[in-house]
Amino acid sequence: VPGQTVLGIETSCDETAAAVVRRGADGRGEILSNLVRSQIEDHAAFGGVVPEIAARAHVEVLDKMIAAALSDAGLGWDDLSGVAATAGPGLAGGLLVGLTTAKAIALVRDLPLIALNHLEAHALTAGLTDNLPPPYLMLIVSGGHSQFIIVRDVGAYERLGTTVDDALGEAFDKTAKLLGLGYPGGPAVERAAATGDARRFDFPTPMVGRPEPHFSFAGLKTAVRQAANTLEPASDQDISDICASFQRAAVAAVSDRAETAMRLYAQRTGPDAPRHFVVAGGVAANAALRAALERVSEANGFSLFVPPPRLCTDNAVMVAWAGALWRDRGRADPLDVPARARWPL
Ligand code: KG4
Ligand code: ZN
C-alpha cells in the first residue's frame, strides 16, 4: 500500500496520548484514531505537574491506549509502516515511558522507529490540519514553550526567538496559582479577566521593541505578585482586574514579538514566500490572544492558521503525522536512541 500508516505516542508532559495517522500517496493526512488522557486531575492538588506522578500515570494507561488506538483505527500491527514517539524535550520519566514502549513495539513488530522532537511535531501539524506546505512562520505557546520558528521544510527549522525565563502558559499558570485560581491557570485567568478592568494595573510588557522576538515573563510575574500583595485580602473584583491587566500585558508582549517575527520571516524567506502564520500550543485557546494575533496578521499581510484545540494542544496525532512525513524520507532511528529532556529545535 503506498503512503504511510504510523502509530504515534506522546508522553512528554501531563497528557498520555496514542493515535494512528495515515498519510496517503497524495500527501494528505487522515486521522484514523486519536486518544488523549489528560492527567490534570492527578496533578491539580499540587498546583502543577509532578514528574514522578506523571511518569507513573503514563505507565498505567499507555499500553491500553495503544491497543485502543489500533482498534479504533480498525487496524492490526501488520497494517502499520512505522511507530513514532516523542523523545524530547519534556519530563525525563515520561519520555522514557513512551520512547521505551515505542522501541519495544519496533523491535517485536519489526517496524521502523522515529524518535521525534515534540516541538517539531507541533510545528508540522499544519500540514495535516490545513494541508499547509512550508515555508511558514510558527508560534508555539504552551505551558513549557514560547517560541517563533520558521518552518522551511521537514527537518529544516530556524528558531527566531524563545523565552529567556518562563513560558507564556507557565506565566498564566503562576498568576492563577498566586491568585488562588487553581490549575491549569490559563482558562481560569481568562475567565476572571472577562469581568476585570485591564487598565487598572500598568503591568510591564517585556522585551517590546527588541530586535529579536524573544520573550521574558519573569518581570510580569513579579509585578503581578506585588500588586496582589498590596491588595491582601484581594476581593473578587481585584482578582479580575489583576487577571485582565496581566492578560493585556501578556497579549501586548506577544503581539509585539509577532510583528518582529513577521518582519524577520519576510527578510529571511524572501518576497515570494507565502505569508502564513501558524499558532499552536495550549495558550492558543485564549480568545484575547487569538484576536490580537488576527489583527497583527492582517496588518502585516499574513494569514493566520490556528489548528483546532485538540490538535494544537498535546496529542499523538501530531507525533504520528510527523513520523509519517519522516518515514516518507526513509528515516529509521536506531533502537538505542536516547530520550532528551532538553532538546531545542
Ligand atoms: O499545549 P498545552 O496543552 O500543554 C503543554 O504545556 O505542552 O498547554 C497548556 C498550557 C497551560 O499553561 C495552560 O494554562 C495554557 O496552556 N492555557 C491557556 C488557556 N488554555 C490553556 N492559557 C491562556 N488562556 C487559555 N484560555
Ligand atoms: Zn506541547
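Visitor: Why are helix 8 and helix 9 called roughly parallel to each other?
Guide: Helix 8 (residues 236–269) and helix 9 (residues 287–299) pack at an angle of about 30 degrees, with their axes 10 Å apart. Angles under 35 degrees count as roughly parallel, over 145 as roughly antiparallel, 65 to 115 as roughly perpendicular and the rest as oblique. Helix 8 and helix 9 are therefore roughly parallel to each other. The axes are lines fitted to C-alpha atoms, for helices over the stretch in contact, and the angles run from 0 to 180 degrees between N-to-C directions. Helices (H or I, at least four residues) and strands (E, at least two) are DSSP runs, numbered from the N terminus.

Visitor: What kind of model is this?
Guide: This is a predicted model, in which local features need pLDDT of at least 70 and side-chain atom pairs count only at pLDDT 80 or more, while totals for chains, interfaces and linings use all residues. Residues are numbered from 1 along each chain as its sequence is written, and chains are lettered from A and ligands numbered from 1 in the order in which they are written.

Visitor: Which residues of helix 8 meet helix 9?
Guide: Gln247, Val251, Val254, Ser255, Ala258 and Glu259 of helix 8 meet Ala288, Leu289, Ala292, Leu293 and Val296 of helix 9. Two residues are in contact if their C-beta atoms, placed from the backbone, lie within 7 Å. By class, this contact has eight nonpolar, two polar and one charged residues. Ala, Val, Leu, Ile, Met, Phe, Trp, Tyr, Cys and Pro count as nonpolar, Asp, Glu, Lys and Arg as charged, and the others, Gly among them, as polar.

Visitor: What makes helix 6 roughly perpendicular to helix 8?
Guide: Helix 6 and helix 8 pack at an angle of about 110 degrees, with their axes 7 Å apart. That angle makes helix 6 roughly perpendicular to helix 8. Val189, Glu190, Ala192 and Ala193 of helix 6 meet Ile239, Ser240, Cys243, Ala244, Phe246 and Gln247 of helix 8. The residues of this contact divide into seven nonpolar, two polar and one charged.

Visitor: Why is helix 4 called roughly perpendicular to helix 11?
Guide: The angle between helix 4 and helix 11 is about 80 degrees, and their axes lie 8 Å apart. That makes helix 4 roughly perpendicular to helix 11. In the contact, helix 4 supplies Glu120, Ala121, His122, Leu124, Thr125 and Leu128, and helix 11 supplies Met318, Val319, Trp321, Ala322 and Leu325.

Visitor: Into which domains is the protein divided?
Guide: Into domain 1 (4–130 + 311–328) and domain 2 (136–306), with bounds from an automatic or database domain assignment. Their C-alpha centres lie 27 Å apart. The contact takes 18 residues from domain 1 and 21 residues from domain 2. On the side of domain 1 that touches domain 2, helix 1 (40–43), helix 4 (118–129) and helix 11 (317–328) each give two or more residues. The largest share of that side, seven residues, comes from helix 4.

Visitor: Where is Pro184, and what is the peptide bond from Tyr183 to it, cis or trans?
Guide: Pro184 is in the loop between helix 5 and helix 6, and the bond from Tyr183 is cis, with omega near -5 degrees. The peptide bond from Glu232 to Pro233 is also cis, with omega near -5 degrees. Pro233 is in the loop between helix 7 (218–230) and helix 8.

Visitor: What is phi of Asp110, positive or negative?
Guide: Phi of Asp110 is near 55 degrees, a positive value in a residue other than glycine. Most residues other than glycine have a negative phi, and most peptide bonds are trans. Asp110 is in the loop between helix 3 (92–109) and strand 5 (113–117).
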